[in-house]
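Work through the exercises below with the sequence and the coordinates at hand. Each task is followed by a stepwise solution.

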Number of protein chains: 2
Amino acid sequence: MKLITRNTDYALRAICYIAQQDKVVAVTELVKVLGVPRPFLRKILQRLSQKRILESYKGQAGGFRLKGQPQKIFIIEVMRVFQGEIALNGCFLNKHVCPNKGKCILRKKIKLIEDDVFTQLKRINIASLI
Amino acid sequence: MKLITRNTDYALRAICYIAQQDKVVAVTELVKVLGVPRPFLRKILQRLSQKRILESYKGQAGGFRLKGQPQKIFIIEVMRVFQGEIALNGCFLNKHVCPNKGKCILRKKIKLIEDDVFTQLKRINIASLI
DNA sequence: GACAAATGATACTAATATGGTATCATTCAT
DNA sequence: ATGAATGATACCATATTAGTATCATTTGTC
């Protein structure tokens, strides 16, 4: 059980690095710094620019730059890009009627934990990681 | 991202049901009640008895019974049986030196969240689910 | 304008974890 | 003895994640 996948992890590292540079950063540079496989990193960066977290510049001297301020980018946004809606919950017994109350109580308790996790994740922005 | 997998979920349901019965419960009965595929449930129950959460009785009129008291079985134990050590954390950049402090701060923050989740999970026992 | 260096788009493959099945051996109440 | 139960174990299926490959498009530089 991972809270953060590799995708997200790499994305966060890249964003942190880019945030610290005051220029457009090319993949080549990021690959050197992060040691992440180039094609994989490219894919990740592309998605980040599709999702408006990064800005991309094509052509020679192109690359990526942060779109907003580091204070305004929260890691939960990045997690959502690569991991979809974050849900620790989810009932497995869809087809059947719940056989005992145990499960529902369980769901309720898990939900409380989930809410806590959310609250904390929502507080962490890129600026706080640098 | 699931906090609880299907395995664990089924296991918890089964344990809750068994806890409420004052007898040895056979798989056949559990299958009827829970609607979980029989061979899969069997495997789950076997592991639970290997891990001393359930007691098993072979032969005719055999089945499973709770080994301890419902108050003393915590869901985190069951999670560990099927999901291994629970860790939301884990650095992905093992081979390389951490390129920036961002990642380490991230790990630290995730660790805090993880600790919270643990604390809450450790409080939930089977008795509280029934 | 040609060219090289960059990203965009997209399809494919590999690895891993989870979910689930199948089968035969062993035990034990009747 | 027999049949109904679990024990052990090997296998298969599916989904998710991780990663690769390839070609198209843009753009700065000569």
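This is a predicted model: local features need pLDDT of at least 70, side-chain atom pairs count only at pLDDT 80 or more; totals for chains, interfaces and linings use all residues.

Residues are numbered from 1 along each chain as its sequence is written, while chains are lettered from A and ligands numbered from 1 in the order in which they are written.

**Exercise 1.** Determine how many residues surround DNA strand D and which are the closest.

Step 1. A residue is near a strand if its C-beta atom, placed from the backbone, lies within 6 Å of it.
Step 2. On this basis 26 residues surround DNA strand D, the closest being A:Thr5, A:Arg6, A:Pro37, A:Gly59 and B:Ser56.

**Exercise 2.** Describe how H1(A) and H2(A) pack.

Step 1. Helices are DSSP runs of H or I with at least four residues, strands runs of E with at least two, numbered from the N terminus.
Step 2. The angle is about 110 degrees and the axes lie 11 Å apart; axes are lines fitted to C-alpha atoms, for helices over the stretch in contact, and angles run from 0 to 180 degrees between N-to-C directions.
Step 3. H1(A) and H2(A) are therefore roughly perpendicular (65 to 115 degrees).

**Exercise 3.** Is A:Leu66 buried or exposed?

Step 1. A:Leu66 belongs to strand E2 (residues 63-66) of chain A.
Step 2. A residue is buried if 20 or more other C-beta atoms, placed from the backbone, lie within 10 Å of its own, and exposed if 12 or fewer.
Step 3. A:Leu66 has 21 C-beta neighbours inside 10 Å and so counts as buried.

Definitions and conventions: Angles under 35 degrees count as roughly parallel, over 145 as roughly antiparallel, 65 to 115 as roughly perpendicular and the rest as oblique.
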